Structures are given as C-alpha cells and as structure tokens.
Amino acid sequence: MRVGTRELRNTTASVIAAVQTGEHVELTVRGEPVADIVPHGRRTRWLSGATLQAALTTRDADAGLTCDLANLAGQTLDEALA
C-alpha cells in the first residue's frame with residue numbers, strides 16, 4: 001500500500017488497521033517515498049535444542065506434502081512444471 005501524507009492524515013485509522021493485518025505501507029511526500037510503516041516484529045520464544053527436538057519428533061509431516069514430494073521424486077523442475 002502506498003499512502004501520501006495528506007491521505008495518512010485523513011485515513012489514519014484505516015492505515016493502522018492495514019498495518020495490524022500485516023500490510024506494509026509506503027509513506028510518500030509529493031509522490032516520493034520517505035518512510036515505510038511496517039508491522040511491529042514479534043519476538044519468537046527461545047527453545048532449547050532438546051525441547052525443539054522433542055517437539056519435532058512427535059509431529060507428522062503434512063500428508064499432502066509427503067504425497068507431493070513422492071510424486072515429484074526423480075523429476076526435474078521443468079518436468080514438474082509441465
């Protein structure tokens with residue numbers, strides 16, 4: 001989304017709502033980009049190696065992904081896209 005300063009002043013609430021949903025907004029002055037308004041980064045929770053390994057070994061891969069990979073095995077990218 002690209003927003004000029006006047007539009008930002010008049011529609012601040014809707015621009016903030018767009019950013020809250022994950023949209024990046026480019027702020028312009030007289031048509032020239034001057035700033036980016038982006039969603040605030042969220043910190044990921046740190047997991048120990050043992051905790052991560054335990055979590056990964058108890059979960060199954062997506063069945064659809066497993067099937068797709070089995071069907072693609074041995075093919076080149078060109079063959080897969082054809």
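**Entry 1: a nonpolar patch**

I began with the surface, where Leu47, Leu52 and Leu56 make a nonpolar patch of about 260 Å². For patches, I took residues with over 30% relative accessible area and no salt bridge, joining nonpolar side chains (Val, Leu, Ile, Met, Phe, Trp, Tyr) within 5 Å and like charges within 9 Å. The areas are Shrake-Rupley values with a 1.4 Å probe, and for residues only the protein chains shown count as cover. Leucine 47 sits in the loop between E3 and helix H3 (49-57). I use DSSP runs, numbered from the N terminus: helices are H or I with at least four residues, strands are E with at least two. At a relative accessible area of 33%, leucine 47 is partly exposed; buried is under 20%, exposed over 50%, and partly exposed lies in between (1.4 Å probe, protein chains only).

A note to keep in mind: this is a predicted model, where local features need pLDDT of at least 70 and side-chain atom pairs count only at pLDDT 80 or more, while totals for chains, interfaces and linings use all residues. Residues are numbered from 1 along each chain as its sequence is written, and side-chain values use heavy atoms, with hydrogens and water left out.

Which residues of helix H2 (residues 12-20) are buried? I found Val15, Ala18 and Val19. They cover an arc of only 100 degrees around the axis, so they fall on the same side of H2; the arc is taken from the directions from the helix axis to the C-beta atoms. Ala13 and Gln20 are exposed on the other side. The cover over the buried residues includes E1, helix H1 (5-10), E2 and E3. After H2 comes glycine 22, with a positive phi near 105 degrees.

**Entry 2: the E2 and E3 hairpin**

Next I followed strand E2 (residues 25-29), which pairs with E3 in the antiparallel sense over five bridges; pairing needs at least two DSSP bridges between two strands. Two residues lie between the strands of this hairpin, and arginine 30 has a positive phi near 50 degrees. E3 (residues 32-37) lies largely in the open, because the number buried among its six residues is zero.

**Entry 3: one salt bridge**

I found one salt bridge in the structure, between the side chains of glutamate 26 and arginine 2 (3.3 Å, N to O). The cut-off is a side-chain nitrogen of Lys or Arg within 4 Å of a carboxyl oxygen of Asp or Glu.

Methods. Contact = heavy atoms within 4.5 Å.
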